[in-house]
Amino acid sequence: MRTGTIISGIGHVGLILWLLFGGYLTAHNDAPPIQVSDVSLITNKQFAQLTAAAAPPPARPQTKVKSPEAAKETKPAKAPKPDTPAVSPKPAPKPKQEPKPDKLPQITSAEPRVQPPKFLKAPTPEKPPAAATLSPDVHTSAPPKASQRVAPTPAPAPAPDAAVAPVPTPEAAPEKTATQAKPQKPKQAQAPKEASTQIVPEASKQAKALTGQSTAPKVSPRPELRPETPAAPAQPPKEKVAKAEKPAKPEKAKPQKAKPDTSSAVDAALAAAMSATNGAGVTEGGQGKSTHLGPPVSAADTEGLLSTLKSTWIIDPGSPSADVTVTVDFQLSPDGKVIPSTIKLVSAEGGNQTAQQIAYRKARTAILHGSDLGFNLPPAKYQEWRDIQMVFDPKGMRLQ
Amino acid sequence: MMFKRPLALILALALAGLALPGAPAAQAAPLKLRLTQGVIEPLPYALPAFIADGAAATQVAQQITGVIADDLTGTGLFRQIPSSAFISKVTNFDAPVRYADWKAINAQALITGAVSVQGGKVVVKFRLFDVFNGAPLGEGLQFAGPVDTWRRMAHKVADAVYSRITGESGYFDSRVVYVAESGPKTNRVRRLAIMDYDGANTSYLTDGRSIVLAPRFSPDGQRVIFVSYQSGFPHVYMMDLATLQERRLDNQPGTMTFAPRFSPDGRSAVYSLERDGNTDLYSINLSSGQTQRLTQAPSIETAPDYSPDGSRIVFESDRSGQQQIYVMSAGGGGATRISFGPGKYATPVWSPRGDLIAFTKQDQGRFYIGVMKPDGSDERLLTASFLDEGPTWAPNGRVIMFTREAPGSDSMPQIYSVDVSGRNLKPVPTQGGASDPSWGPLRK
C-alpha cells in the first residue's frame, strides 16, 4: 500500500511539475511574440475611444446652457406648446412674458459683451506647444515606424544638414536638408496615386473592408477594386517620414541645443515646401504622423477637407480678427462628421482677446459648416484623421 | 489545465505590464493641418420681420426690420437671406429656434425681434443666434423710446448685432455733420447740415448766408467746430448742437483761422492760423481761450488732427516743397515726415483705432483716398477719381467717408463711403450736394 501510494504520489508530483515547468517553458516561448503586438494594439484606450467616437455624439452642450430654446430645438414637430419655457401653460398674455435675457428698459448704449467664456487659453503660453509640436511629433512617430519599416535604410544621419536648412530660397532648403524636406516632396508627388484611390470607391464600407484585406483577405467579391494600390505608395512615405525622423534622434544623442534650431528649420522648410505646392492648406509636420498602423494620410486625402474648410472659413480682412492665427483641435466620427464637443481652441496668436475670440468663433463655424458639407476623407484611414489639429492662418489674406 | 490558465494569466499580465510604458507612444497624434486661405464674402444672416405686438406696432416693426437690414447689409460684411428662402417662420419671439432649418439655408446668424407700441413709446427687443454653433450669441436686448426715435432703436439693434458678430463696436447710431451745397457753382450756397450716418434725418444748422467749411464733431457729439466767413474772412467757430448757439474761437485781428479739430478730450482744439502770409498750427484751450503755437516754419502747416490718445498731431505741410504728411508731438516740435510716395498728400485724419491715418493724395491729375500706418508704412489707396478728398473715419475706424466730385461745371459734390479694406464703395444719400463730412461718435 505504502509503496504504491508513494509511487503514485511521486508520479503525480512529477506529472504536476512537468506540467508546470514544461508547460511554462514551452508556452513561454510561443506566446510572447504573438501576444505582445496583439495586446498593445487591442487593449489600448484607443479602442475605447474609438467606440466612444463611433457612438452618437453627445450633441452640443453649449446650446443647452444658454436658453431653454436650444433644448427644445430637437423637438421638431410640436408647434404650439414649446413657445414658453416657463412653468405654467397659462393662456395669459404672451407678450408680457419677457424672456430673461431682455434687458435695458430704455435706450442705452448697446455696447455688447462679446462672450468671454469660451476663451480658455492665453495666446502666448500656447505657442510653445505649437512650435514644439513638430519636433516631439517627429519623435513620437519615429520609433514605431522606424522599427517596422526603416530598418533597411538606417545609416544616413544627416542631422547637421538640418542646420543648413535656413538657406533663403525655399527650394534650396529642402534639398540640403534632404532628410527632412524630401519626405514632403515625394509625398506630394505621390498625391495623384492616392487621389485615384480616393476617387475609386463609392462605397465607403467596402473600402473599409479592403483595408483589412491586406492582412486578412476575407473579402471575396469584387476583386477589381484598386485600393490595393495605396499600399504601395503608402510605404515610401513612411520611409521618408522615418528619414525625417532620424535626424531628430541623432541630434538628441548629440547636443541638445541644436534641437530647437533644426526643428524650427524643419518647420520652416516644411511650411515653405508645402505652401509652395498647396496654396489653400498644408499638412503640418508630415502626414500620417499618428502612430496608428494604418496607411498614412496623404495630401490628396486631406485635400477635400481643406478645400471644404477653405470655402466655409469667412475672413474679414479689415477686421482685427484677421490678425489672429488660431489653432483648433477637433475630432471626427467615422462618418467624417465633426463631434462638436471636441472642438477646442489650442492657441491663438496675434490681436487682442476680443479679436482672438472672434477668430476662434469663425474657425469653429467653418469647421461645423464644413462638416455639414462633408470633408470627403478616406474611410479606410479613419484612424489617421480622427483627431485633427487645424491651424487657421489668415496671414496671406490680410490687408497689404 | 487548471494550473496553466492562471500561469497564462500571470504571463499575460506581466506582458501587459511590460507593454505599458510603450502604451503612450501608441496613442494617436492629431493630424496637423494648416489652412491659409478662406473666403472673403459677406456673412449670410436671416432677419425675419420683427413681430408686431399689436396692430399699432405693425408698421414700425416693418420699418425697424428694414433699417436693421439696411445697416447690416450696407456694411458689405453681411448678406441678408431673402425671406422667401426661409423654412422656419418666426411667429413668436419666445418660440424655440429650429437651428436645422436655418442651417439648411446657410444662415450663419439669425436675428429675431419683436416691437410693441404703448402710449407713444416704442419697445424693441431682439435676440441673436449663432446658427452653426446652435446657441444664442449674447443675451437678448431691449430698447425703448418715443415712437419717433424708432430709427435710432433700429440702429442700436444693428449696432449690437454687428458688435457681437464682428467683435468691433458698431457705427450705425451715429451722425455726420457736413456742408450741404446748393445752387450753381458760381453762386453756391453752403450750409452746415447734420444727418444720420445713412443720410436720414437731415437738418440744417446754418442758414447759408455765409460760407461755411470744414465742420468737425466734438468727441462727445454735442458740439461742432467749423470755419465761417461771417466776418468776411475765414475764422473758426464753435456751435452747441443743442442750442445752435455759436461763438468765434480765435480773436486775433489781422489773422485768418481754419482747419480746426477737437482734441480727443474735447477740451482744446488745434487749427491753422495765417498771419502775414505764413500759416502755422496753434492749439486753443476751449475754456480759457489760451492759445499755444505748435509750429514755427515759413511753410504752410495745416489740416492738423490728434492721435486718439492725444499725444501726437498729424498734419500736412509743404515745407519739403510740396504737400506731405508729418507727425509731431501734441505739444509741438519734432515733426517727422511720414509720406514719401509720388504726388501730394493732404488732409490726414487719424483713425479712432489709432492704427491708420487716412489721407487725400493727388498724383498725375487724379485724387485718391488712402490709408497708411502712423509711421508712413503700408500705404494703401482705397479710391481713385477725378476728385476725392477730405476723409473722415467712422467711430469704430472701419469705414471712411469722403467727398467725391465729378468733372463738369454743373456737378455737385457727393459724400461717399468706403470700407477700410477698399471694398463697398458707395454714395451716401443726401439732399442735394454734400461735402466735407465729419463723422460723429456713437450716440448715447
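Arg152(B) sits in helix α5 of chain B, which covers residues 150–166. This is a predicted model, and everything below is read from it. With a relative accessibility of 18%, Arg152(B) counts as buried, because the cut-off for that label is under 20%. Leaving out residues up to four places away in sequence, Arg152(B) touches Asp173(B), Arg443(B) and Lys444(B).

Asp173(B) turns up again in a salt bridge, this time with Lys156(B), where N and O are 3.1 Å apart. Lys156(B) belongs to helix α5 of chain B, while Asp173(B) is in the loop between α5 and β9 (174–182), so the pair links parts of the chain that are 17 residues apart. In general, side chains of opposite charge can pair when their charged atoms come close.

Take Ile68(B) as one example: setting aside neighbours within four places in sequence, Ile68(B) is in contact with Leu47(B), Phe50(B), Ala154(B), Val157(B) and Ala158(B).

Over in chain A, helix α12 runs from residue 299 to residue 312. The buried ones are Ala299(A), Ala300(A), Asp301(A), Thr302(A), Gly304(A), Leu305(A), Leu306(A), Thr308(A), Leu309(A) and Thr312(A). As background, an α-helix has 3.6 residues a turn, so residues three or four places apart point the same way.

Back to charged pairs: over all chains, the count comes to 25 salt bridges. One of them joins Arg261(B) to Asp305(B), with the closest N and O atoms 3.7 Å apart. Here too the pair links distant parts of the chain: Arg261(B) is in strand β16 (residues 256–262) of chain B and Asp305(B) is in strand β20 (residues 301–306) of chain B, 44 residues apart. Both Arg261(B) and Asp305(B) are buried. Another salt bridge, between Asp378(B) and Lys373(B), has its closest N and O atoms 2.8 Å apart. Asp378(B) counts as partly exposed, at 41% relative accessibility, and Lys373(B) is partly exposed too, at 36%. Some charged residues go beyond simple pairs: Asp316(A), Glu168(B), Arg353(B), Arg398(B) and Asp419(B) are linked in a network of salt bridges.

Ala303(B), in strand β20 of chain B, has a positive phi of about 50° although it is not a glycine. Ala303(B) is buried, with a relative accessible area of 14%. Asn376(A) is not a glycine either, yet has a positive phi of about 55°. Asn376(A) lies in the loop between α13 (353–373) and α14 (382–385) of chain A. At 56% relative accessibility, Asn376(A) counts as exposed, because the cut-off for that is over 50%.

Finally, some totals for chain B. Its secondary structure comes to five helices and 32 strands. Of the 444 residues of chain B, 57% count as buried. Among contacts in chain B between residues at least 6 apart in sequence, 43% join residues at least 24 apart. Chain B exposes about 17700 Å², with carbon and sulfur atoms supplying 53% of that area.

Technical notes: Residues are numbered from 1 along each chain as its sequence is written. Chains are lettered from A and ligands numbered from 1 in the order in which they are written. This is a predicted model: local features need pLDDT of at least 70, side-chain atom pairs count only at pLDDT 80 or more; totals for chains, interfaces and linings use all residues. Side-chain values use heavy atoms; hydrogens and water are left out. Helices (H or I, at least four residues) and strands (E, at least two) are DSSP runs, numbered from the N terminus. Buried means under 20% relative accessible area, exposed over 50%, partly exposed in between (1.4 Å probe, protein chains only). Contact means heavy atoms within 4.5 Å. The expected span of a helix is 1.5 Å times one less than its number of residues. A salt bridge is a side-chain nitrogen of Lys or Arg within 4 Å of a carboxyl oxygen of Asp or Glu. Accessible areas come from the Shrake-Rupley method with a 1.4 Å probe; for residues, only the protein chains shown count as cover.
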